[in-house]
Amino acid sequence: MLITTEEIFEEFEDLDPRDQSQYLLELGYDLPDFKPEEKRDCDLVSGCQSQVWLRASAVDDSDDPAIDIVADSDAQIVRGLITILIAAYSGRRASEIVAYPITDVFDRLNLRQYISPQRRNGLQGMVDRILSLAVELSASAVVMTPTAGSHAEEPTTAATVTSADHRPLDADAVKAQFPVLTQTLEDGLQPVFLDSGASAQKPQCVIDKEREVEEQYFANAYRGRYRFGARIDEELEASRAIIARFINAASPTQIAFTPGTTATLNMIAFGWGRKFVHAGDDIVITMMEHHANFVPWQQLAKERGAHLKFAPLTEDGRIDMERLSEVLTDRTKVLAVSGTSNVLGTNNPLKELARRAHDAGAIIVVDGAQSVPHLPTDVQDLDVDFLVFSGHKVYGPTGVGVLYGKADRLEEADPILFGGHMIDQVGPHESTFAQAPAKFEAGTLPIVQAIALGTAIQWMSDLGIDAIHNHEQKLLEIATARLSQIPGLTIYGPATEHKGAIISFRVDGLHPEDLAIVLDRHAVLTRHGNHCTMPLHQALGVSATTRASFAAYNTEADIESLALAIEEAISTIPRGRDVAADGGVG
Ligand code: PMP
């Protein structure tokens, strides 16, 4: 006679927390072993770290039969989990199993604390296997989809997205949280940091989090059952869940940690694109794309014999939606666009673009590197297929980024990196791969960075992405008005209502590099060059621009410092050598 759920609860709750995990292990000792011939491949449960064989069968042929479950595993902890499942489900009718709140059992036994996320996936695999049989056998049942002991895996809804609303942002108080911005430099100045478009600075809480992980519990992820490993897994999954909520992904399983935007766009182009883009198909991008969302598609088009097409732009640097159908046709397989241009600042109408792409039978890939840090992003509302962004532009660390995909897109995309952690089964000649997100996370993750990315995103959520956006938009208006008064200064890109917090400009006769030297003398830190957008700069008819990009910590005083430094450069540098050709972007 096997143990019942009530008996398990009683024994478990009597134990010291230290002995509880041992108890879960010991629970499996009495589970009958499968004979070797019973360990059939067709009964293997996928998603498990260890081998698990599970068979669920009807014990009678009524409309709502009782179900018998037998299972075995080569890992003792999994045998413990099997015992819990059998205790909960055994002897119940199919309809009862479907309705049974199995997560309550998992919660009472604290499985979230005692088993790793990967094990929870395996447990979920077993639950899914039992439920699918129960659903099949009980046609009238209402399906609930319990999740294996992890709040981090709960689906997110729009209501759970933290967005702190209409509170205005106090930029001085925000700046005070950034040690790098509040320091006094060797020349007595404080930095006026206007290059957040390249990389944002990090608030103290993100720096502290990285330090906490390194100093207190660093270990590799998804490997060790010792306490550091378990803590790392929890922290990573918590970070994943924070990111999912921030962009309103339906589930944290749709969020993969990647090295950054560039790597992720390559993963999509060569993981999804290589499979679905064929000779003669079209890929549509725009001339305003960063090389990261340009060169992978260009190379994929060359490899597949497909055509790379460019959505027409208006003279002021927006996608010309009226002429979009000139290139977006039923031959288009992919529309790849940036949420916000890193030079023109243009905010592209993603929702409308997604609709147009889907109407044409294409998918839409969004390079969110410049939009996710500044604009509310709701991937479900936008209905985008893939969206990617980088940690270092959202106040987080370098070396980590995010791949979001619709569940079907992630399922159909192939991995492009193969190795540890991303596999399901490996044989001498064939391998099968894990479900997303593990499929896209081969090898050791940038663990500390991925955890601290969650802290950065939580920091943004606490400030409120709407508040950040409104603040930056105000700075954009003020800066545009102030810089426009400077004679000979040209700002590229559309009017402020179509833009994010980026101003790229040139001053007649003044090379951006010369200007940068004077700006730096005033500790006004901007970027100059082509900003990884050579085709766009060619279309603009200039080789380089100066770019000032704003973030939550910038103030009106920063803008005045920029304007004064530009005015000084104009009055001190002999001009006339660098005359920009006049060009539009259309
Ligand atoms: N896309 C855009 C729009 C960007 O601004 C950047 C960063 N400059 C990238 C892609 C590349 O991001 P990463 O260098 O983090 O891969």
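**Figure 1. Cys42, a cysteine at the surface of a predicted model.** Cys42 counts as exposed, because its relative accessibility is 56%, above the 50% cut-off. The model is predicted. Across the structure, the number of disulfides is zero.

Figure 2. The backbone of Cys532 has a positive phi, near 60 degrees, although the residue is not glycine.

**Figure 3. Asn110 between two helices.** Asn110 is found in the loop that runs between helix H5 (102-108) and helix H6 (111-114). Phi is positive here too: about 55 degrees, in a residue that is not a glycine. Is Asn110 buried, partly exposed or exposed? With a relative accessible area of 31%, Asn110 is partly exposed, because that value falls between the 20% and 50% limits.

Figure 4. The domain assignment lists domain 1 (5-163), domain 2 (259-443) and domain 3 (465-572). How many Å separate the centres of domain 1 and domain 2? The separation is 37 Å, with the centres taken over C-alpha atoms.

**Figure 5. The residues around the ligand.** Which residues surround the ligand? They are Thr261, Thr262, His290, Ala292, Asn342, Asp367, Ala369, Gln370, Ser390, His392 and Lys393. By class, this shell holds two nonpolar, seven polar and two charged residues.

**Figure 6. Polar atoms facing the ligand.** Ser390 places a polar side-chain atom 2.6 Å from an oxygen atom of the ligand. In the side chain of Gln370, an N or O atom is 2.6 Å from a ligand oxygen atom. Thr261 takes part through its backbone: one of its backbone N or O atoms lies 3.5 Å from an oxygen atom of the ligand. How much of the ligand's area does the protein bury? The ligand exposes 400 Å² when taken alone, and the protein buries 86% of that.

**Figure 7. Gln370, a buried residue beside the ligand.** Gln370 is one of the residues surrounding the ligand. Its place is the loop between strand S8 (363-367) and helix H15 (379-382). Gln370 counts as buried, because its relative accessibility is 6%, under the 20% limit.

**Figure 8. A cis peptide bond at Pro437.** The bond joining Ala436 and Pro437 is a cis peptide bond. Its omega is about 5 degrees. Pro437 belongs to the loop between strand S12 (431-433) and helix H17 (447-463).

**Figure 9. Leu2, ahead of helix H1.** Leu2 lies in the segment before helix H1 (5-13). Its relative accessible area is 41%, so Leu2 is partly exposed. What is the distance between Leu2 and Leu31 in space, C-alpha to C-alpha? Leu2 and Leu31 are 8.2 Å apart, while 29 residues separate them in sequence.

Terms used. Residues are numbered from 1 along each chain as its sequence is written. This is a predicted model: local features need pLDDT of at least 70, side-chain atom pairs count only at pLDDT 80 or more; totals for chains, interfaces and linings use all residues. Side-chain values use heavy atoms; hydrogens and water are left out. A disulfide is a pair of cysteine sulfur atoms within 2.5 Å. Buried means under 20% relative accessible area, exposed over 50%, partly exposed in between (1.4 Å probe, protein chains only). Domain bounds come from an automatic or database domain assignment. A residue is near a molecule or strand if one of its heavy atoms lies within 4 Å of it. A polar contact is a pair of N or O atoms within 3.5 Å; within protein, one must be able to donate a hydrogen and the other to accept it, and residues adjacent in sequence count only if both atoms are side-chain atoms. Accessible areas come from the Shrake-Rupley method with a 1.4 Å probe; for residues, only the protein chains shown count as cover. Ala, Val, Leu, Ile, Met, Phe, Trp, Tyr, Cys and Pro count as nonpolar, Asp, Glu, Lys and Arg as charged, and the others, Gly among them, as polar. Helices (H or I, at least four residues) and strands (E, at least two) are DSSP runs, numbered from the N terminus.
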